[in-house]
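Let's look at how two chains meet and at a ligand that sits among the chains. Have the structure open while you read.

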Amino acid sequence: MSIYHIAIFLTVLLAWKLTVETQLMDSFFIGDPVLVFGKIVNWFASGDVFRHLWVTLVETLVAFGIGSVLGLVVGLWLALSPLASQLSSPYIKGFNAMPRVILAPIFSVWFGLGMTSKIALGITLVFFVVFFNVYQGVREVSPVVLANAKMLGASKRQLLRSVYIPSAMSWVFSSLHTAVGMAFVGAVIGEYMGSAAGMGYLILQAESVFDINGVFAGVIILTFFAIALDYGVGFVERKLLHWQPREARTIGDTA
Amino acid sequence: MSIYHIAIFLTVLLAWKLTVETQLMDSFFIGDPVLVFGKIVNWFASGDVFRHLWVTLVETLVAFGIGSVLGLVVGLWLALSPLASQLSSPYIKGFNAMPRVILAPIFSVWFGLGMTSKIALGITLVFFVVFFNVYQGVREVSPVVLANAKMLGASKRQLLRSVYIPSAMSWVFSSLHTAVGMAFVGAVIGEYMGSAAGMGYLILQAESVFDINGVFAGVIILTFFAIALDYGVGFVERKLLHWQPREARTIGDTA
Amino acid sequence: EPEQKDVTIAVGGKVALYYLPLNIADLKGYFADEGLNVQIVDFQGGSKSVQAVVGGSADVLSSSFEHVVNLQALGRDFVGIVLQGRYPGFALSVTPELGETWTSAADLKGKKVGVTAPGSSTNAMVNLLLKKAGLTPDDVAIIGIGAGAGVLAAVQQGQVDAVVQADPATTLLVDEGLAKVVVDTRTAEGSQEVYGGPMPAASLSVPQDFAEENPETVQALVNAMENSLQFLQTATAEEILEVLPSEMMVGGDRDAYLKMIEAVRPSYSPDGRFTDEAMNTVLAVMKEENEAVGNAEIDMDATYTNEFIDKAIAGE
Amino acid sequence: MNSQPSAEGRADFARAGAAIEPALLLENVVCTFPSRENPNGTYCAVSDTTISIAEGEFVSIVGPTGCGKSTLLNVASGLLDATSGRVECRGAPVAGINRHAGYMFQSDALMPWRTALENVVAGLEFAGVAKREAEDRGRAWMARVGLSGFEHSYPHHMSGGMRKRVALAQMLILDPAIIMMDEPFSALDVQTRQLMENELLDLWSADRKSVMFITHDLEEAIALSDRVICLSAGPGTHPIGEFVVNLPRPRNVAEISHSPEFQRIQREIWEVLRQEVLKGYAQNKK
Amino acid sequence: MNSQPSAEGRADFARAGAAIEPALLLENVVCTFPSRENPNGTYCAVSDTTISIAEGEFVSIVGPTGCGKSTLLNVASGLLDATSGRVECRGAPVAGINRHAGYMFQSDALMPWRTALENVVAGLEFAGVAKREAEDRGRAWMARVGLSGFEHSYPHHMSGGMRKRVALAQMLILDPAIIMMDEPFSALDVQTRQLMENELLDLWSADRKSVMFITHDLEEAIALSDRVICLSAGPGTHPIGEFVVNLPRPRNVAEISHSPEFQRIQREIWEVLRQEVLKGYAQNKK
Ligand SMILES: Nc1ncnc2c1ncn2[C@@H]1O[C@H](COP(=O)(O)OP(=O)(O)OP(=O)(O)O)[C@@H](O)[C@H]1O
Ligand SMILES: Nc1ncnc2c1ncn2[C@@H]1O[C@H](COP(=O)(O)OP(=O)(O)OP(=O)(O)O)[C@@H](O)[C@H]1O
Ligand SMILES: [Mg+2]
Ligand SMILES: [Mg+2]
């Protein structure tokens, strides 16, 4: 977070405010940054928002966790088992293209109206993003590194741990950045379709009475948490992928 | 499409039918495969569905095309311009986490109720999936291949065309598989939120009258088209990535 | 001659019985008879249809009249031009166990109540009932469950103890034996009990400017709607059913659907006029239930006009 | 083995070894690759090649670049299935990875996500050796290849020669019965190369492993081997000469090249190869 | 240049060249890398090195493996910024890529998504040469490096030596004024290597380019060069010897090694290097 980021942020806010003031766009749709800010402050001051935020964050994190791990496991499995991959491929592609929102009622039949159904929805979004990247990442393993590990006596399991997974890691992390967003989307849409609490519930409530400022307040809060989670992913990524070859640099290199 | 695929497909149908027949689950929620099939046949026989299908396919394809190209261009740009990347990164992450459904009304203000607003929604989904992968893919370019191309006199533009893009291609295609799904999801959700035509409209109509078979019929038709589009992507992928090093094989190798 | 022949009407949940007058006018060709080329755009929820009209992507709004009042409070001047329903048609249904011992809304304390969406008209109705029973909204858990198949699932699995829904959900719940109606605003008495008077339901409304610039178009719309309302008053349920395409038949069950039509028929407006009594009721309710309306000066006379409907009736 | 310009007495050793079950046997091996030049074309890299390596024998393979040496090692190691022919290791047909063999690849094959030391101990780790012990042995090997102090460097932070030495340690630490090396020392300076060669000879003579060694350096080939096999230029590579090296052991790599016997063999091999290369080159140049 | 065991007359040539603007000048170059051993540690690969190459001069650089030869080439080519020191090319400081130079890398640097021919013509394509003409010239170069018939093969379908030759053609086709090569021929058999060396000498003598050539093969270094520079073992590599080669040109690489002058220089270099390697090795081995 540099001074530039703050400058850009303020510029965006100012542009927003000006758009509204000059009626370039209708504040009925884009709200008013001052009122949105007031709403956020109000929510936090009154403590109303915490319960909803908690629900959404838990749903998001759980969906993110389970979805990623599932994507990783299934991705590895199918990438290493051509037969399974061939047989399941049309189903995976089909499910991926299925509009999940339509499944929301079915999920609430199966998982109830609580967090579980939102988590399930989030998982269906996160899973595919991670899956496709892991699948491709494994197939991109350098053939000679793989051959070397085999010659060194690695078992299937050890190949997985020592070659396939590290090699696919940058693919995994790339997908995790998308997946963070998907997990939030899943949780919020799920709540939006039917729930008793959560940021999606709050947003829907505001929308029902055309309180666009409330809608944006909710969206902005979500966005901040998404960015925070993404920084977390980035942090782990830098830890795990520090070995990656980059262009060589000497000390004192100013370029 | 092998005999196995068909066998699996029939097994799934049978399991579905059995679940309904044995009342393991209520057909009110999961439909009845025979009726769903009847519905699909009916739709195609009466020709009702073609108009809707056409609308959805056009929206999907356009969103897929524009979203992918945008993701590619922006991904390349940001990956090669560290400053731009650093400044925009929180916004990109934030937008990615924004529940797009909330944007639907704003899109209809900007783009009307026709196809354009659905395409816009689809683009916001496709874009990020492609973007994150291109971004990572570019950064994974082999430093020595890059250095070599530079020494051979490649300009920035030529580096892009001859090194960055080919090198990131397998990343792009991996994301395109996810993006196919996202484009469909975007179009259908857009229609579902408000429209006068399209598969999403059809599904919403069916849902309003509790016609779960109609909902599934719509979903299944969409799925088939998604698989078809994905095969198309896979076809182009095999054409473009035929150079990729795989484990060496001799002719007559039975493994 | 209408000034604008192509008219887009936005509606949230088109095939619901709530908007039957609109659908009849469309299906029986009354709009076409008036020289209009109407396109009905369906939205996933009422508020989305409102946004479409405010944003200018649709011309005419078919929604509950409460939205018109709410919009005025937000500085958007809409006028109701014809009323489709005179009673909201919502019903509070409770699980059979709860139904057996039901006395009043006070029994809802500590229960989970399903509404179509938080903040919606169904939510408002729950709030009103609670207030009458001396409770606050915090005494129950309000759960948004939509208006589709999820409603049945939620009740069946005991995820909610009570729901406020319109038809077809209510009828389906009762037919399946999942719930018992305890408060019913499909009738005058029910509306009186909940809202303290006849509560206007679905209406057609247009932005103020649209009405001023296109009086002939509006007149044509209203004429068509008036014909539709007359048809609903005079036709038998079978005749009505004849008009509707099979896709609109809930669950595909003809007899059940006939029953449903019979049940909701009284809630349709007989003449499409806005009555003072109804206007007072809706204002009083909205003042209590909607924060924006509560804080605003509302000029009810600006929210509707009977000018067109009167002409339409006179023209018959 | 079409021509056999020098079939001295020690050749019997190889034969005899073969009879009492060779350590490694390639028999009538053919390797045909799909060709890129035309869609359905094929490229016959190796044709009808028979090579047998006795237990404890050190065999070098030389041949023009691109003739098929690496392909043969890939077949012998079980990484590549031959189009036809028989591959046996210690009497058993090779199916899948050849578990008796250690293989040092021609190209960089280190795991880039592991440090030098982690790479060296990878094989021990796979074999389930305790971490402490593996690291101790790994460190000792890092020192043997002259890389003490670079234990925690990643491969892309090392020079080409250093990576090669890590790969060498990585393979030798496992003490394989059959050692296969594909130009292991070509990225090393002459002096380091001699140190490594002596290191290899020490190891080999300690418990007489079998070695299949590919090199472009004839001196190296002769100095180290019991037998040098020459391959023809591709396509359709096959052995065109076999030279038994009867120099006494132990040998000192740096000095042996002055012996007349050495120089004779070198001249002979040189002659065979030179014609072969020129032939291939002329062919290619059209 | 601490020690300078052999500073014959032709050394003046180099000096003089330097005075009238050297083709390439590295002055007091220091390269320090971040070290992986401890978080804030550094590794001084090259320390205070001055090398000047005159226009038309062929300079070879030899040194123990891992000493910093590739690092120096990277600095000279502008790919790597030195920690301190001056780098000039034809009188102008090198900022960014050195546009006068062609660089053949030590490791595989071909674009895997291009066929051999497409790789060879890449530089021409970048320079805007018409496709037809580029392909014709590319084909001719493929033949010169003995790879006719492999135009449409992808790099991973070629052997190590074949890839090297493609890289050679890829660089030489551009006819750069300054040629930098990092162990270009180490993956080639002796005969092919000589063919390629002669090819390189032909090209070089045609219009007297400047060459900076890294090799581990002393014979090669002497046979080709005007001057051979020896580097010390790392860390803190710097030149420890400079040997001017006064053998007459044109030279035939295969024959020249028998001349006594050649053998004298070889022995001298050998001696300097041997001590250096042993020192480095002992150091590493602790
Ligand atoms: N996967 C493959 N697909 C097609 N052709 C291949 C493949 N691998 C090798 N070849 C071809 O087989 C021939 C032999 O290759 P190989 O790598 O075995 O040569 P080599 O003797 O090891 O050469 P070098 O000394 O240059 O390493 C070459 O002509 C090469 O083009
Ligand atoms: N990017 C880097 N980061 C850290 N250290 C590096 C990096 N690149 C090179 N080094 C170190 O610098 C030293 C010199 O490396 P360089 O590649 O220049 O050696 P070299 O002389 O070319 O050796 P070789 O003959 O084996 O190719 C080595 O010790 C290496 O570990
Ligand atoms: Mg090879
Ligand atoms: Mg080097």
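How do the residues of the shell around ligand 2 divide into nonpolar, polar and charged? There are 9 nonpolar, 11 polar and 2 charged ones. Here Ala, Val, Leu, Ile, Met, Phe, Trp, Tyr, Cys and Pro count as nonpolar, Asp, Glu, Lys and Arg as charged, and the others, Gly among them, as polar.

A quick note: this is a predicted model, where local features need pLDDT of at least 70 and side-chain atom pairs count only at pLDDT 80 or more, while totals for chains, interfaces and linings use all residues. Residues are numbered from 1 along each chain, chains are lettered from A and ligands numbered from 1 as written, and side-chain values use heavy atoms, without hydrogens and water.

Ligand 2 lies between chains A, D and E. Its shell holds 22 residues, each with a heavy atom within 4 Å of the ligand.

| Residue | Distance to an oxygen of ligand 2 |
|---|---|
| D:Ser159 | 2.6 Å |
| E:Ser70 | 2.5 Å |
| E:Glu183 | 3.4 Å |

Now for chains D and E. Each gives 52 residues to the contact, meaning heavy atoms within 4.5 Å. Between these chains there are 0 salt bridges (a side-chain nitrogen of Lys or Arg within 4 Å of a carboxyl oxygen of Asp or Glu). The buried area is about 4000 Å², with 56% from carbon and sulfur atoms; that's the accessible area (1.4 Å probe) lost on putting two parts together, summed over both.

Methods
Polar contact = N/O pair within 3.5 Å; in protein donor to acceptor, adjacent residues only side chain to side chain.
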